[in-house]
Amino acid sequence: MVLQSVEPIKKMNAESLIPFEIALKIADTAVFAQTARHLKNIEVAVLRGALQGQKYDQIAEEYSYAPEYIKHDVGPKLWQILSSSLGEKVSKTNLMAVLAQRADWVRQGVQNWGRIEEKIVQEGSKEAETIQEEGKNLESFNLAACRTIHLKSLELPVGVLPLDSALYVERPPVEALCYEAVMRSGTLIRIYAPSQMGKTSLMIRILAYAKQQDANVQTVALNLQKTEKTIFTNSDRFLRWFCAAITRKLQLPYQIDRYWNDTFNSQENCTSYFENCILPEINGVLVLALDQVDEISRHPQIADDFFPLLRSWYESSGNPQWKNLRLLLVHSSEDFILSDINKSLLNVGLSV
């Protein structure tokens with residue numbers, strides 16, 4: 001549907017401006033409706049910079065990109081996709097005017113929907129008739145879209161937000177840093193924040209990005225808080241479960257009893273199992289995400305074995321056998337600080 005053209009706003013007072021979050025949501029929703037994909041992080045960065053009146057060079061410097069890449073690639077493509085999605089010519093100069101107009105239409109649509117809901121309640125059986133008649137008054141959004149916007153405004157983000165959720169709040173440049181890191185060989189990413197801050201929602205986006213970028217990437221996510229408490233009896237039992245859980249997730253043959261040897265300690269057995277039964281079998285990259293790592297810190301004996309084990313794998317990334325393992329750890333406290341800094345995970349990899 002082609003919308004009516006919006007005249008460029010030459011002078012815009014403070015009341016005319018709209019918050020970036022609203023501008024982003026309008027732009028992203030339009031792009032998703034047109035292309036079935038959300039705006040990329042670099043596109044969001046350019047959008048933000050343009051709305052703030054920054055030049056391409058300033059945007060590039062702020063987000064550590066080459067100016068030519070922003071000016072000749074990302075920028076032109078962004079205006080092109082926004083023009084197609086919003087139904088009119090969009091440029092860096094008229095962007096705020098276009099999005100501000102759409103924001104007004106959204107508000108009008110929600111108000112109209114409120115009146116329609118009242119009529120539906122009053123007239124009951126005339127619901128379809130009422131919707132059809134009142135729907136004509138919605139200038140740029142059809143009734144279904146306005147109702148969605150109206151209901152979305154009442155939702156509260158609880159738990160993990162789906163990949164297509166409009167409620168997920170990006171924190172540039174955090175996502176871009178994580179997306180870049182997860183594509184590097186032998187990387188370790190540690191996401192740390194208080195509860196209910198979106199750590200797991202970020203984690204699943206990193207995993208989805210890795211799979212989208214490389215068809216040879218396989219991902220495994222384990223929530224340690226949901227693990228049966230008896231698993232944490234001792235290191236041997238925990239590491240056997242750890243290997244078994246990953247084996248099941250990857251749908252690989254179960255060979256733990258064969259490779260678990262009493263002659264060696266649990267860490268050596270776990271490492272051997274990865275080297276012989278997991279890494280060679282996946283024939284590609286394995287991104288292993290461990291959520292709620294705090295649970296390990298409640299069991300000091302296991303923590304003293306498990307965290308140095310992960311660090312040793314990270315430090316073995318120069319070995320061809322281990323370069324395809326990428327670790328992603330999510331936690332809400334730093335209780336697993338070990339007395340020996342050389343065995344700790346707090347001073348290695350990317351910390352977010």
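What we are looking at is a predicted model, so I will come to its confidence values before the end.

First, the sheet. In what order do the five strands lie? The order is β2-β3-β4-β1-β5, in an open sheet with parallel pairing. β2, residues 217-223, and β5 stand at the edges with a single partner strand each, so one side of each has no neighbour in the sheet. As background, strands of a sheet pair through backbone hydrogen bonds, and they can do that either parallel or antiparallel.

Now to β4. It pairs with β3 in the parallel sense over five bridges, and L286 stands opposite L325 of β4. β4 also pairs with β1, again parallel and over five bridges. There, Y192 stands opposite H331 of β4.

Is β4 covered or open? Mostly covered: seven of its seven residues are buried. L325, L327, L329 and H331 point one way, while R326, L328 and V330 point the other way, and all are buried.

Helix α8 covers residues 174-182, and its buried residues are E175, C178, Y179, A181 and V182. Why do we say these are on the same side of α8? Because they cover an arc of only 165° around the axis. What do the buried residues of α8 pack against? Their partners are the helices α2 (41-51) and α9 (199-213), together with the strands β1 (188-192), β3 (285-291), β4 (325-331) and β5 (350-351).

The peptide bond from P172 to P173 is cis, with omega near 5°. P173 is placed in the loop between α7 (143-152) and α8. For comparison, most residues other than glycine have a negative phi, and most peptide bonds are trans.

Q251 is not a glycine, yet it has a positive phi of about 55°. Q251 is found in the loop between α10 (235-250) and α11, and it counts as exposed at 74% relative accessibility. Q292 also has a positive phi of about 55° without being a glycine. Q292 sits in the loop between β3 and α13 (294-297), and it is partly exposed, with a relative accessible area of 23%.

On to the aromatic rings. How many aromatic pairs are there? The count comes to 14. Take Y259 and Y273: their ring centres are 6.5 Å apart and their planes are at 80°, so this pair is edge-to-face. Y259 lies in helix α11 (residues 256-259) and Y273 in helix α12 (residues 266-282), so the pair ties together parts 14 residues apart in sequence. Y259 is partly exposed, with a relative accessible area of 21%, whereas Y273 is buried at 0%.

The rings of F274 and W313 have their centres 4.4 Å apart and their planes at 40°, so that pair is tilted. F274 lies in helix α12 and W313 in helix α14 (residues 300-315), so here the parts tied together are 39 residues apart in sequence. F274 and W313 are both buried. They also belong to one aromatic cluster, formed by F232, F238, W241, F242, F274, F306, F307, W313 and W322.

The charged end of K92 sits over the ring of Y56, 5.4 Å from its centre. R205 lies over the face of Y168, at 3.9 Å from the ring centre.

Last, the confidence. The protein chain averages a pLDDT of 81, and 77% of the residues score at least 70. Residues 1-16 stay under 50, and the model has 21 contacts for them beyond four places in sequence. Residues 134-155 are also below 50, with 31 contacts in the model beyond near neighbours in sequence. Where pLDDT is low, the predicted coordinates should not be read in detail.

Definitions and conventions: Residues numbered from 1 in each chain as written. Predicted model: local features only at pLDDT ≥ 70, side-chain atom pairs only at ≥ 80, totals over all residues. Heavy atoms only, no water. Buried < 20%, exposed > 50% of the residue type's maximum accessible area, 1.4 Å probe, protein only. Helix = DSSP H or I, 4+ residues; strand = E, 2+ residues; numbered from the N terminus. Arc of directions from axis to C-beta. Contact = heavy atoms within 4.5 Å. Phe/Tyr/Trp six-rings, centres within 6.5 Å; stacked < 30°, edge-to-face > 60°. Lys NZ or Arg CZ within 6 Å of the ring centre and 35° of its normal. pLDDT = per-residue confidence, 0-100. Pairing = 2+ DSSP bridges.
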